[in-house]
There are 2 protein chains.
Amino acid sequence: MNQQQTIRLAVIDDDSGFVTVLAKRTEAAGWQQRTFAGGIPPEELVAMKLNALLVDPTVLGEEAWAYLERICGMLPDLGVVVCTSRSTVAQRVRGLRLGIDDWITKPCHPEEAIARLEAVSRRRRRARPQVEAGPVVAGELEIRSDRFQAFAGEVSLDLTRREFELLQLLADSPGQVLEREAIYQRVWGYAMAHGDRSVDVFIRKLRQKLEKLSPGWSYIHTHFGVGYRFDPELLAGDAALATSPPADVEPARATDAFTAA
Amino acid sequence: MNQQQTIRLAVIDDDSGFVTVLAKRTEAAGWQQRTFAGGIPPEELVAMKLNALLVDPTVLGEEAWAYLERICGMLPDLGVVVCTSRSTVAQRVRGLRLGIDDWITKPCHPEEAIARLEAVSRRRRRARPQVEAGPVVAGELEIRSDRFQAFAGEVSLDLTRREFELLQLLADSPGQVLEREAIYQRVWGYAMAHGDRSVDVFIRKLRQKLEKLSPGWSYIHTHFGVGYRFDPELLAGDAALATSPPADVEPARATDAFTAA
DNA sequence: CGACTTGTAAAAATCCTGTGAAAGCAGGTA
DNA sequence: TACCTGCTTTCACAGGATTTTTACAAGTCG
């Protein structure tokens, strides 16, 4: 499937050299990484919606075990990898029993650390495939990925698979202009042939269905010579047509605990 | 606490010393273990319904990579741990990318091997809270997991094992669209081969039995190009027929509640 | 004004699902 | 063991739904 390639990783470690090298690689791989030199409250980790956590318990001091147990208990979906120098078999066994997913020894090659983080979050993801993000709301629209469908109010737009994927892709980056080639690449999964009009055709179908069930709003905008942009706009002149009072204008561009602070 | 359910483990290794020591410990832990000194057909592994696999790729010879890739592809839920002497970072990374869950180096302490095997097979059981509450009721249906059977009123639908598992899976997430691959993966236990129609066939059988004993209701809905969705809907026009014998009324099969109007 | 890009509609090609039936399996019985 | 029975898997095909292609009208930009 073409969703959720990017991994959200938090690193708790004060070994700046290692952390820096790692950050360079994860960034190249398209991951989102945040680094902390010391323990941070578990609640903050929860808010970050992480996929993976890499931690050196030595920076946690005495409370390392309790802290790790707490984290693993609170976030059963989080992949936790410990990376530390010097450890005994007993420690490693204890950690793994505790809920830690992998335990590697410093010095370690960053590539291996990444591969292991990838492995644990791959496994975690498979275990719980249905915790998709809540429904995305834009204008009068509600996009529910668990139903492969979009709704205007309570009425289904009756989108086909491709139509839905296209809409979802566009709505995932509201306000951003996406080029045809990029759209095709991500929805169809392979490179667009020169002269292919599929994207245009599907944009039209989407517009038709959107117009039909949510008139008064304009969702998809053309950028000549480039591509399309998704941005719900209340059309002037007929605010009365909307089924719900047009109180909100901007669809709450998700504040993100990860990127914030 | 820890769902200390019995883990089914297969070991592919010819290091009899290591294997024996390991077997002693796993047995003490209540696991079921089978050992093979050489590669065995992937199909046999599938049939074993394993939770975890420990393998030393050196006994597989040239085809080790292909073999492991095959296994990981066929059994995405299987925890695979490689245990071998001498390996390079590149090899380990390659293996982990392939789908292997953990890679440890010989000699290794059996306790650690066990802890790691436990860790990689932990996910799946955590995701399924095994113990269902009371019987699930949906529409005119009552699904009793303690009897492996569904009832319409007091009459059993007479579902076979697979039929029941399929219905249970669907009914466990009502309103959600489940993709064929995901359904197959979770009911059959391994990856769906391309072009396999088993899911469709069983859906039809389910619909037949549902229709027979609970006409007037529509339970399973098709999502073209995606999969199926369980959602009990009272068909319009014959709310009176509830538990009465099957009259020959052909209930106008509503395609989708929303397409009309 | 042109050359190019996009909107639109419909035909053509492709893919998907429902369906019935045959073939393959497994488990029990005589 | 041989046979029976019910369950599961596989196959083939028809009818639809969807996607892709094609053609032309309309629009944009320098």
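The model is predicted, so local features need pLDDT of at least 70 and side-chain atom pairs count only at pLDDT 80 or more, while totals for chains, interfaces and linings use all residues. Residues are numbered from 1 along each chain as its sequence is written, with chains lettered from A and ligands numbered from 1 in the order in which they are written.

Let's start where the protein chains meet. The contact (C-beta atoms, placed from the backbone, within 7 Å) takes 30 residues from chain A and 32 residues from chain B. On chain B, two or more residues come from each of helix 4 (89–98), helix 5 (110–120) and helix 6 (122–127); helices here are DSSP runs of H or I with at least four residues, numbered from the N terminus. Helix 5 of chain B gives the largest share, 7 residues. By class, this side of chain B has 13 nonpolar, 6 polar and 13 charged residues.

Now turn to the DNA. At least two residues each come from helix 6 (161–172) and helix 8 (198–213) of chain A, and from helix 7 (161–172) and helix 9 (198–213) of chain B. This surface has 10 charged, 5 polar and 5 nonpolar residues, where Asp, Glu, Lys and Arg count as charged, Ala, Val, Leu, Ile, Met, Phe, Trp, Tyr, Cys and Pro as nonpolar, and the others, Gly among them, as polar.

DNA strand C has 18 residues around it, and A:Asp200, A:Arg204, A:Thr222, B:Asp200 and B:Thr222 come nearest. Helix 8 of chain A and helix 9 of chain B each give two or more residues, and helix 8 of chain A supplies the largest share, 5 residues.

How values were computed: Contact = placed C-beta atoms within 7 Å. Near = placed C-beta within 6 Å.
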